[in-house]
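Me: I would like to go through this model term by term and ask what each label rests on. Please set each value against its definition before you conclude anything.

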Amino acid sequence: MLRTRICNIELRNPTMLAAGVMGSMASSLNRVYRAGAGAVVTKSFSLEPNEGYKNPTTVEVTGGIINAIGLSNPGVEAFKEELRGVDDDVPLIASIYGSSPEEFARVAASVEDYVDMIELNVSCPHAMAGCGASIGQDAGLTFRVVSAVKDAVGVPVSTKLTPNVTDIVEIAKSAEDAGSDALTLINSLGPGMKIDIKTAKPVLSNAFGGMSGPAIKPVAVRCVYDVYRSVEIPIIGAGGVRDFRDAVEFLFAGAVAVQVGTAIMYDGPEIFMGICRGLERFMIEEGFSSVDEMVGLAHEGV
Ligand SMILES: Cc1cc2nc3c(=O)[nH]c(=O)nc-3n(C[C@H](O)[C@H](O)[C@H](O)COP(=O)(O)O)c2cc1C
């Protein structure tokens, strides 16, 4: 009943691990899949190793967390070892980033044989200059990055967008025009910050970071809803999903699948099983026989 497909990739259910949480090692990617996720996305990685920011890199706030990890990763060559260790039956999505279309294309080409899909992180709100949201806030640059990757690889590509723009639909359309096979909406919101009232200093070493968790869900659902009306390609929703009700909202807004990040830090990977059981029960009670029937329902008659 929960089976679905996205860009011809068969998924046993419409849930995915979001990039950045439990996604740096083969063992944790395998574990999340065994715990019930339909697919897993790696931590974002780049051509060269990147140390990221100093601690503290995350802080809890009302309704979620703020993180500025700074896209730390060991570089594509080292990351390939982890990709090789992911079990064959696990639908695997590599999240990659870079500072130019050429860099994105090189990273994508070097991992395409190991993965089912590539997700382009053009949306991190606390990346170093020239990376992350500074790309995804520019429709032309987004177009060039997606085009370069599409020229370089045969696997499907999903472009992950930032909500921190005036018009997310414009950016979504330019990714689609450049050949993106899917969109992932949204990366963390912000940047936001927290100040320690005892020291009068920002808590995070980077001062500000991306907000995630339940507080950003309404923004994420609205982004999916808006973009769904304007593109033909499938949308993967992300932002504040904790239970099946959140997943249903994203599906009704127009997503074909949902990613879960922050909630795993609270509930562990077992959260996937809970979301799937709840979703299945909801579908039976409400008379849905497939996930497809639910996608975009909030638009009917509007
Ligand atoms: C600790 C942490 C690290 C993250 N790292 C990445 C990353 O490497 N690449 C990326 O595209 N998104 C990253 N994200 C963003 C998530 O993938 C997701 O888009 C966002 O957190 C919203 O979903 P959530 O509310 O379920 O966490 C990170 C989020 C968190 C909380």
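Me: What makes β9 and β10 a pair of strands, and in which sense do they run?
Reply: In this predicted model, strand β9 (residues 157-161) and β10 are joined over four bridges in the parallel sense. Pairing requires at least two bridges between the strands, and with four bridges β9 and β10 therefore count as paired.

Me: How do the side chains of β10 point, and are they buried or exposed?
Reply: Ala-182 and Thr-184 point one way from strand β10 (residues 182-185), whereas Leu-183 and Leu-185 point the other way, and all are buried.

Me: Why are β5 and β11 called edge strands?
Reply: Four strands form an open sheet in the order β5-β6-β14-β11, with antiparallel pairing. The strands β5 (58-61) and β11 (189-193) each pair on one side only, and they are the edge strands of this sheet. Neighbouring strands here are turned by 40° against each other on average, with direction ignored.

Me: Why is Asn-67 called buried?
Reply: The relative accessibility of Asn-67 is 15%, and buried means under 20%, so Asn-67 counts as buried. Ser-44, found in the loop between β4 and β5, has a relative accessible area of 3%, and because this is also under 20%, Ser-44 is buried.

Me: What makes up the lining of the largest pocket?
Reply: The largest pocket has a volume of about 500 Å³ and is lined by 34 residues, of which Ala-19, Asn-67, Asn-187, Ser-188 and Ser-212 lie nearest its centre. The elements that give two or more residues to this lining are β6, β16 (255-260) and α9 (262-267), and α9 gives the most, with three residues. By class, the lining has 16 nonpolar, 15 polar and three charged residues.

Me: How do you know that residues in the UniProt "binding site" annotation belong to this lining?
Reply: A lining residue must have an atom within 4 Å of a point of the pocket. In an unreviewed entry, UniProt gives "binding site" for a set including Lys-43, Ser-44, Lys-160, Gly-213 and Thr-262, and the lining of the largest pocket includes these residues. A further "binding site" set from an unreviewed entry has among its members Asn-67, Asn-187 and Ser-188, which the lining also takes in. These annotations may be inferred rather than shown by experiment.

Note on methods. Residues numbered from 1 in each chain as written. Predicted model: local features only at pLDDT ≥ 70, side-chain atom pairs only at ≥ 80, totals over all residues. Heavy atoms only, no water. Axes fitted to C-alpha atoms, helices over the stretch in contact; angles between N-to-C directions. 1 Å grid on protein atoms, 1.4 Å probe; cavity = no way out; pocket = protein on both sides within 12 Å on 5 of 7 lines; lining within 4 Å. Points joined across faces, edges and corners; volume = space filled by probe spheres on them. Nonpolar A, V, L, I, M, F, W, Y, C, P; charged D, E, K, R; others polar. Buried < 20%, exposed > 50% of the residue type's maximum accessible area, 1.4 Å probe, protein only.
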